Amino acid sequence: MKKLIFGIVLLVIATVTHAQPAPVYAPAWSDSCEMVQQALELPYFYCPCKEASIAFSFPVEAMVKDTVWYTATMDDLLQGISAYWFSKSSVTMEVFAFCFSKVPTFTLTVGPNQMCDMDVEKINAKLAAMDEQAKLMAKELTPHIRIYPNRGDSGRVYCYPYDQGPESKCEDPLPLRVGMTYVCDKEENVYRMEWSSIASSGKSFVRWKQKQNKPCEIWLTLDSCSGEEIGRARLSDSIHVYQPDSAQLVNARMAKRSLWLHVTHAKGYTGRVFVHNNPKYAEVALEPVNKNACYGKSFVQDFRTYTNDTSFVDTIWVNRDTLTTREVTFTFTRPTLEFDTVYVTQSELARGYIYKPSNTIFNAYGDYTVEIKKAGTCSRIVQVTVAPEPTQGVDYVGHSDRRSCKYLQNGQLFIIIDDRKYNVFGQEQPKTNN
């Protein structure tokens with residue numbers, strides 16, 4: 001039985017810690033229950049646990065003002081959970097395997113304005129660790145949870161399946177708390193920060209976290225959704241952050257103007273966003289990076305891809321409110337210019353001649369510079385001369401009304417096309433008086 005209780009605790013502690021439904025009023029328990037409780041000397045909370053518990057179901061959005069008992073089925077827990085707790089004080093959660101248990105199997109106190117979640121994989125892993133008899137019993141048991149705000153303060157709870165969160169729109173935005181995690185499963189999300197929560201130093205950063213490093217776009221406005229925009233950025237990975245202009249934030253705080261954070265991303269994936277004030281910096285910066293390569297290759301460093309010369313100091317997230325820096329220098333050597341000549345007939349040119357090395361289409365004679373790219377190799381830069389194909393079988397054509405002719409000069413064959421002179425290799429020659 002101890003193993004069974006322990007297994008239930010493992011499933012519940014990270015999923016329902018501060019995410020339980022808590023109606024303002026709980027139903028009263030019966031006199032008969034009190035008689036049983038007194039007769040069997042059961043714990044004082046036996047009756048509220050047994051008869052006043054509220055059934056759990058997703059989603060939950062409610063105020064918690066007093067001690068509340070509730071139950072959650074294993075099916076509920078197997079959806080995973082993402083939960084928010086908004087309050088100026090902490091909340092305590094106690095898990096009981098049975099209502100007649102005299103002490104909780106587990107107790108946890110959660111600080112103010114925090115969020116926790118647990119995915120299905122973690123829950124399944126804990127279930128898999130239980131023996132078969134415990135698994136069968138667990139499916140039939142209903143964990144009993146008691147939750148109560150500390151110091152008599154009330155709080156608001158939001159509870160959703162894992163990787164989902166409450167809708168936060170311009171008309172009804174969630175409060176933006178420093179250090180709190182916000183699940184962004186909708187394509188558009190808006191959060192509102194009171195002016196008093198803006199750092200007096202103006203120093204803060206916004207971090208985006210996404211499992212596959214899918215991007216998001218963020219921007220800040222003052223006073224409302226449609227207010228003055230004071231910053232915008234595109235975050236493409238989970239270790240680079242956006243640091244708003246500190247002077248703008250100081251001015252907003254001094255003017256007592258609320259700050260609105262907008263987060264948008266493509267449909268089909270979920271991310272998380274965090275805001276931290278007064279970031280700390282690691283004492284030792286990361287090892288500098290200085291690399292060289294030929295033009296056409298690329299470097300991947302700290303989840304970013306570089307294909308052109310660059311040199312700067314990168315800022316990288318370390319943990320929670322701590323950042324670090326890294327000096328980054330990448331140099332790409334451009335290739336030596338090559339030359340190539342292709343001979344094309346008028347009919348080929350009219351259809352659009354394809355220069356296969358670069359898949360470039362030419363529609364007129366002349367000189368062109370093209371880049372030949374191939375994955376994983378150095379690029380080539382080639383000056384391509386597109387010339388007319390020489391006419392064959394005529395030694396000299398002297399009619400001035402012909403558009404093209406060829407002739408011999410000092411034993412060398414030349415082609416004249418529209419008053420332009422070419423040798424047999426298609427290279428244009430200087431004009432002469434001959």
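This is a predicted model: local features need pLDDT of at least 70, side-chain atom pairs count only at pLDDT 80 or more; totals for chains, interfaces and linings use all residues.
Which residues have the most contacts inside the largest nonpolar core? Residues are numbered from 1 along each chain as its sequence is written, and side-chain values use heavy atoms, with hydrogens and water left out.

**View 1. The largest nonpolar core.** Y182, Y191, I218, L261 and V263 have the most contacts inside this core of 32 residues. Strand 14 (residues 216-222) supplies its largest share, four residues. Apart from it lies another core, of 21 residues, including V64, M74, I81 and I147. A nonpolar core is a set of buried Ala, Val, Leu, Ile, Met, Phe, Trp, Tyr and Cys residues joined through side-chain atoms within 4.5 Å, where buried means under 20% relative accessible area (1.4 Å probe, protein chains only). Strands are DSSP runs (E, at least two residues), numbered from the N terminus.

**View 2. The surroundings of D185.** D185 lies in the loop between strand 11 (182-184) and strand 12 (188-193). Its side chain reaches the backbone nitrogen of G165 at 3.3 Å. The side chains of D185 and K186 are joined by a polar contact of 3.2 Å (a pair of N or O atoms within 3.5 Å; within protein, one must be able to donate a hydrogen and the other to accept it, and residues adjacent in sequence count only if both atoms are side-chain atoms).

**View 3. Model confidence.** The protein averages a pLDDT (the predictor's confidence in each residue, from 0 to 100) of 83, and 81% of the residues score at least 70. Over residues 1-26 the pLDDT is below 50.

How values were computed:
Contact means heavy atoms within 4.5 Å. Buried means under 20% relative accessible area, exposed over 50%, partly exposed in between (1.4 Å probe, protein chains only). Lists of a residue's contacts leave out its neighbours within four places in sequence.
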